[in-house]
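Hi,

Here is the model I promised to pass on.

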Amino acid sequence: MTQAPAIDAPPTPRRTLHGENVRRCMVQQGLTLLQVVEATGLDERTIRSLLRGTTQPHSRTLHKLATGLGIDVDDLFIDLREEATRFDRRANPAAVQIVRRHPELFAAWSPADFEEFFSRVAVGGELTEEGALAYAAAANRRRELMTQVAVILESAESQHLSEIIALLYQRVTTIE
């Protein structure tokens with residue numbers, strides 16, 4: 001029997017400061033860079049490097065930044081994409097059960113494949129097992145097709161495939 005794939009990503013061992021969280025706070029509060037410098041007492045270069053994510057700040061710097069922005073230090077480390085993924089999984093408990101009941105369909109899936117699955121399943125309507133299984137089967141067919149395309153592109157037939165793709169692309173993108 002095929003074992004159920006791991007659909008829950010392991011916890012991240014090291015926390016990463018996300019500059020977009022600082023930017024988001026600045027936008028929400030209508031703050032300019034100079035106003036953040038003034039509110040935090042940090043150097044402008046320090047703030048810029050935090051926004052770019054090119055520094056690993058000391059805890060005192062993080063404390064000054066969070067205090068100046070009026071937020072909790074933990075808010076600086078929230079990965080919004082990871083939070084969205086967790087929400088999608090919590091919002092789709094039936095999808096988790098489907099993965100567990102049909103592990104053979106999900107055996108080769110990557111974390112990104114699961115992220116896409118959980119973000120799409122049940123969008124625009126009620127989740128049904130039939131719909132989730134149809135999505136999984138279609139995703140597996142696309143994966144197999146992409147594998148075949150990759151093999152062909154590395155062969156002597158690559159020029160023929162390129163011509164076929166160009167023709168098909170023109171057909172689907174031309175407005176009649």
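Let me begin with Met 26, which is buried at a relative accessible area of 10% (buried means under 20%, exposed over 50% and partly exposed in between, with a 1.4 Å probe and protein chains only). Before going further, please keep in mind that this is a predicted model, where local features need pLDDT of at least 70, side-chain atom pairs count only at pLDDT 80 or more, and totals for chains, interfaces and linings use all residues. Residues are numbered from 1 along each chain as its sequence is written, and side-chain values use heavy atoms, with hydrogens and water left out.

Met 26 sits in helix α1 (helices are DSSP runs of H or I of at least four residues, strands are runs of E of at least two, and both are numbered from the N terminus). Not counting residues up to four places away in sequence, Met 26 touches Leu 31, Thr 32, Leu 33, Val 36 and Leu 51, where contact means heavy atoms within 4.5 Å. Leu 69 is 43 residues from Met 26 in sequence, yet their C-alpha atoms are 7.7 Å apart in space.

Leu 69 also turns up where α2 (residues 33–40) packs with α4 (residues 59–69). The axes of these two helices come within 8 Å and cross at roughly 110 degrees (axes are lines fitted to C-alpha atoms, for helices over the stretch in contact, and angles run from 0 to 180 degrees between N-to-C directions). The pair is therefore roughly perpendicular (65 to 115 degrees; under 35 is roughly parallel, over 145 roughly antiparallel and the rest oblique). Val 36, Ala 39 and Thr 40 of α2 make the contact with Lys 64, Leu 65, Gly 68 and Leu 69 of α4. By class, that gives 4 nonpolar, 2 polar and 1 charged residues (Ala, Val, Leu, Ile, Met, Phe, Trp, Tyr, Cys and Pro count as nonpolar, Asp, Glu, Lys and Arg as charged, and the others, Gly among them, as polar).

And how do α2 and α3 cross? Their axes come within 9 Å at roughly 115 degrees, which makes α2 roughly perpendicular to α3. On the α2 side, Leu 33, Leu 34, Val 36, Val 37 and Thr 40 meet Glu 44, Ile 47, Arg 48 and Leu 51 of α3. The residues of this contact divide into 6 nonpolar, 1 polar and 2 charged.

Helix α3 deserves a look of its own. Asp 43 caps its N-terminal end, with a side-chain oxygen 2.9 Å from the backbone nitrogen of Arg 45 (a polar contact is a pair of N or O atoms within 3.5 Å; within protein, one must be able to donate a hydrogen and the other to accept it, and residues adjacent in sequence count only if both atoms are side-chain atoms). After α3 comes Gly 53, with a positive phi near 75 degrees. Ile 47, Ser 49, Leu 50 and Leu 51 of α3 are buried, and what covers the buried residues of α3 includes α1, α2 and α4.

Among those residues, Ser 49 counts as buried at 12% relative accessibility. A polar atom of the Ser 49 side chain lies 2.9 Å from the backbone oxygen of Thr 46. Beyond four places in sequence, Ser 49 touches Thr 54 and Thr 55.

Finally, His 102 lies in the loop between α6 (93–101) and α7 (103–106). His 102 is buried too, at 18%, and its contacts, leaving aside neighbours within four places in sequence, are with Glu 129 and Leu 133.

Best wishes
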